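Please read the following note with the coordinates open beside it. The points are meant to be checked one by one.

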Amino acid sequence: MTDAIACRHLSKSYSGVVALDDFSLRAPEGEVTGLVGPSGSGKTTALRLIAGFERPDHGSVEVAGETVVDESTFVPPEQRSVGMVFQDFALFPHMAVGANVAYGLPKGAGRGGRVADVLAMVGLAGMEKRMPHELSGGEQQRVALARALAPSPAVELLDEPFSNLDAPQRERVRREVRGILIEARATAIFVTHDQEEALAVSDVLAVMRDGRVLQTAAPHDLYRKPADRWVARFLGEGEFVAGTVTGGIVDTPLGRFPVDTPLTGPVEVLIRPEHVRLTEDAGGAALVVEREFYGHDQLVTLHIDGGRRLLARAGPDTIFSPGDHARFEITEVVVFEAASSPQPPAPSQTG
Amino acid sequence: MTSAPADPSLAGPTPLDTRRPRPRTRAPWWLWVPALIALVPTVVPFGFLIGRVIGEGTAAARIVLSANTAYLVWNTSWLIALVVATTAIIGVGAAWLTERTDLPGRRIWRVVVALPLVIPSYVVALALLSATGPRGLLEQTLGVAVPSVVGLTGAWLALTVATYPFVYLTTATALRRMDPAHEEAARGLRASPWRVFRTIVVPQLRPSLGAGLLLVALYSLSDFGAVSLMRFDSFTRVVYAQYAGRLDRTPAAVLAALLVLLALVVVWAERATRGRAAYHWRSMPRPARIARLTGGNRIAALASLTALALVALGAPIGTLLGWLGRGTGSGRPFPWGAVAGSVAGSALAAGLVALLALPTAVLVTRHASRRTAWVERIAYTVFALPHITVGLAVVFFSARYLGGLYQSLIVLVLVYASIFFAQALGAARSSLLQVSPSVEEASRSLGAGPISTMLRVTAPMVRRGLVSGSLLVFLTTMKELPVTLLLRPTGFDTLAVGIWSSADSVLFSRAAGPALLLIAVSAVPMYLLATRER
């Protein structure tokens with residue numbers, strides 16, 4: 001598999017503030033690569049460097065094997081084979097949908113046909129004459145995608161593409177966009193601060209923090225085997241306890257669990273809420289202190305042994321109310337080197 | 001599938017937090033060219049003028065310290081003080097009546113009260129001069145001897161009528177946007193309406209009133225047409241007289257430089273009285289409480305606005321129409337050449353400004369930096385400089401260095417564009433700020449280069465601002481007098497110059513037609529601007 005994009009050791013700072021620090025990323029052809037991280041982690045800066053809207057201080061970018069920027073080269077954005085879908089969609093407000101989509105196409109006979117094809121691909125066949133302001137947010141989003149796809153660039157860059165949509169639309173549009181990208185066999189890099197969105201949309205996901213990539217892997221592997229505590233906490237809920245590994249078994253105050261790790265000795269153990277199975281039991285060891293109900297499931301905060309906190313995810317059918325007692329069973333844990341850096345932020349109280 | 005958000009302290013920006021300031025990129029060098037074309041034609045000659053005055057040394061000092069200069073400063077300050085005081089009373093009073101009372105016909109009054117903005121000060125002066133005095137219109141039609149209105153009184157009246165709309169407009173806007181909650185709170189604390197006005201409304205009006213009065217003061221200081229027609233020895237008139245009447249041009253240069261110094265003093269004085277309180281305007285406030293006018297107050301209010309309209313609009317236009325009626329028999333041809341000159345000069349200036357303002361607006365917004373901030377600062381400074389000084393500076397500079405270009409249409413149009421550049425730049429800049437830069441980036445990533453992007457994407461999106469700005473430039477160039485007088489090519493006539501020269505030689509019937517035409521032509525862009533803003 002070849003790489004559509006290869007970023008090597010990119011760094012960029014703005015008046016002394018480091019936005020990107022030794023950033024390296026490869027985006028395999030035909031796949032959706034996600035970039036996720038909290039705000040200020042440098043995701044958008046990375047996209048802007050790839051698109052050519054800004055110049056890196058150091059490092060290089062290759063698009064489809066051709067160097068577009070390094071110490072001695074700078075190819076302006078209009079000469080890179082890179083399409084961009086912006087957070088605010090950035091449709092040309094004075095042009096109809098057809099003209100927006102045709103903007104990046106060379107003048108010629110095939111133009112109208114290509115516009116029609118791309119619009120059909122995004123489910124907007126026959127909408128050429130509409131003006132952007134007449135469309136819903138989701139439709140504008142798809143026009144923006146169609147416009148970026150029309151010239152068939154080597155890579156599509158999507159900058160927080162779903163954040164301007166309201167919650168009910170969001171999941172649907174997200175699925176549609178992923179479907180369209182797959183159908184177009186497009187290579188895409190997409191940026192989000194929403195870890196759930198990142199896990200759902202990406203084939204490969206890079207987690208960023210403070211301008212650096214902390215870990216790159218398939219979403220499933222990232223979630224199951226985060227490289228450090230910070231990545232683990234960023235991607236999902238969970239509680240940490242101290243433990244000791246001996247011979248493939250980790251010993252914690254909450255029990256002994258088999259683990260697959262090369263580590264031995266003192267470790268930190270992450271317990272994800274979905275790995276805590278909860279059963280109604282008036283004589284159980286866990287005291288329910290809080291509950292957030294989401295419809296399809298619920299997140300229950302427990303106190304064990306009169307103080308230790310544990311989170312559990314339970315199905316929607318059993319009602320756990322504060323003050324109830326329950327029995328819990330931990331099915332799986334993840335272990336980390338003790339006090340592995342960087343320190344995650346203090347666990348927040350739910351609610 | 002997880003649905004609970006992970007640790008919220010780790011979550012990124014909220015979905016709406018999309019407008020974080022974008023890092024600015026350095027502008028390509030060629031984007032500076034239009035800005036330079038717009039500013040160099042006035043900045044370089046002005047620098048030359050200042051250099052020359054400083055170079056004169058003791059000769060300059062002698063002129064500055066002479067009794068004549070003290071007399072000029074006194075005259076000019078006195079005129080400014082009178083005009084500022086009168087316009088403050090008229091402007092605030094009219095704004096209060098049209099914005100905060102149930103005056104009948106408020107919508108129409110708002111237009112009528114602002115309308116004198118289209119009448120240049122020298123046209124008001126011409127009307128005054130030609131209506132009063134021996135052989136004036138009043139004496140000719142009514143047979144009553146009315147004393148001539150000239151000198152300080154004449155200049156004061158003409159400038160008051162021409163400039164009070166500045167105060168009216170800024171104050172009315174402030175009254176409209178003021179949060180009524182403060183007044184309600186004061187009323188709730190049992191303050192009388194008059195005390196509320198004095199202690200709550202006036203202090204909140206101060207920034208806008210100050211801005212309006214600053215415009216009035218700068219206008220009165222820089223005005224050339226009205227004071228010279230009224231033969232009142234303020235700075236501008238004497239600078240021109242020194243230039244036109246003497247071979248030694250040093251006194252004119254020194255006085256012109258001193259005039260700029262006075263302008264700086266005015267600006268500084270406004271800053272110094274601004275006060276320290278911060279006022280917050282609501283963008284969409286509730287409408288303010290409307291005072292009900294009863295009985296006598298209602299009649300008094302209507303009577304005073306009617307009187308204002310009669311003096312500021314009716315009298316000048318009536319006088320001009322009167323002269324037009326009498327002048328038809330004199331057999332003089334209508335000055336079509338002046339019309340053509342005015343329209344051509346203004347249209348060229350407006351077009352050039354539009355061409356230069358778009359790339360410069362891109363420069364100062366999309367590539368904002370300390371250096372681009374100077375472009376804006378200089379543009380606004382040039383705009384505020386007294387035109388007679390700019391005109392003289394260009395005359396001295398081009399006579400010395402440009403030889404053949406001196407008094408050519410090219411120089412004239414370049415200087416017009418330079419003086420009024422700030423108007424179009426401001427308008428283009430504010431509409432560009434409303435357009436997300438990502439739209440231009442989208443164009444770039446779709447294969448369009450920077451110039452193509454500017455023409456195909458940026459220009460259409462900021463078209464409204466650009467057109468409004470150019471209209472404003474067209475309007476102000478039309479009325480421009482001192483620079484035109486100093487720099488016009490031989491044989492090039494404009495309406496403004498025509499009015500000025502025929503009034504000077506007391507040929508009122510000849511000036512009436514051009515004056516009315518100038519008012520009519522000025523009213524068109526004014527009308528377009530007013531209807532666009534809604």
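This is a predicted model: local features need pLDDT of at least 70, side-chain atom pairs count only at pLDDT 80 or more; totals for chains, interfaces and linings use all residues.

1. Chain B averages a pLDDT of 82, with 90% of the residues scoring at least 70. Residues 1-21 of chain B, however, have a pLDDT below 50, although this stretch has 46 contacts in the model beyond near neighbours in sequence.

2. In chain B, helix 1 (residues 32-56) packs with helix 15 (residues 370-384) at an angle of about 35 degrees, the axes lying 10 Å apart, and the crossing of helix 1 of chain B and helix 15 of chain B is left-handed. Helix 1 of chain B contributes Trp32(B), Ala35(B), Leu39(B), Thr42(B) and Val43(B) to the contact, while helix 15 of chain B contributes Arg371(B), Thr372(B), Val375(B), Ile378(B), Ala379(B) and Val382(B). By class, the residues of this contact comprise eight nonpolar, two polar and one charged.

3. Strand 14 (residues 265-271) of chain A is largely enclosed by the rest of the structure, because six of its seven residues are buried.

4. Strand 14 of chain A has antiparallel pairings with strand 11 (residues 239-246) of chain A over seven bridges and with strand 20 (residues 334-337) of chain A over four bridges. Where do these pairings place Val267(A)? In strand 14 of chain A, Val267(A) is the bridge partner of Gly243(A), and Val267(A) also stands opposite Glu337(A) in strand 20 of chain A.

Key. Residues are numbered from 1 along each chain as its sequence is written. Chains are lettered from A and ligands numbered from 1 in the order in which they are written. Side-chain values use heavy atoms; hydrogens and water are left out. Axes are lines fitted to C-alpha atoms, for helices over the stretch in contact, and angles run from 0 to 180 degrees between N-to-C directions. Helices (H or I, at least four residues) and strands (E, at least two) are DSSP runs, numbered from the N terminus. A crossing is left-handed if the near helix is turned anticlockwise from the far one by less than a right angle, and right-handed if clockwise. Contact means heavy atoms within 4.5 Å. Ala, Val, Leu, Ile, Met, Phe, Trp, Tyr, Cys and Pro count as nonpolar, Asp, Glu, Lys and Arg as charged, and the others, Gly among them, as polar. Buried means under 20% relative accessible area, exposed over 50%, partly exposed in between (1.4 Å probe, protein chains only). Two strands pair if DSSP finds at least two bridges between them. pLDDT is the predictor's confidence in each residue, from 0 to 100.
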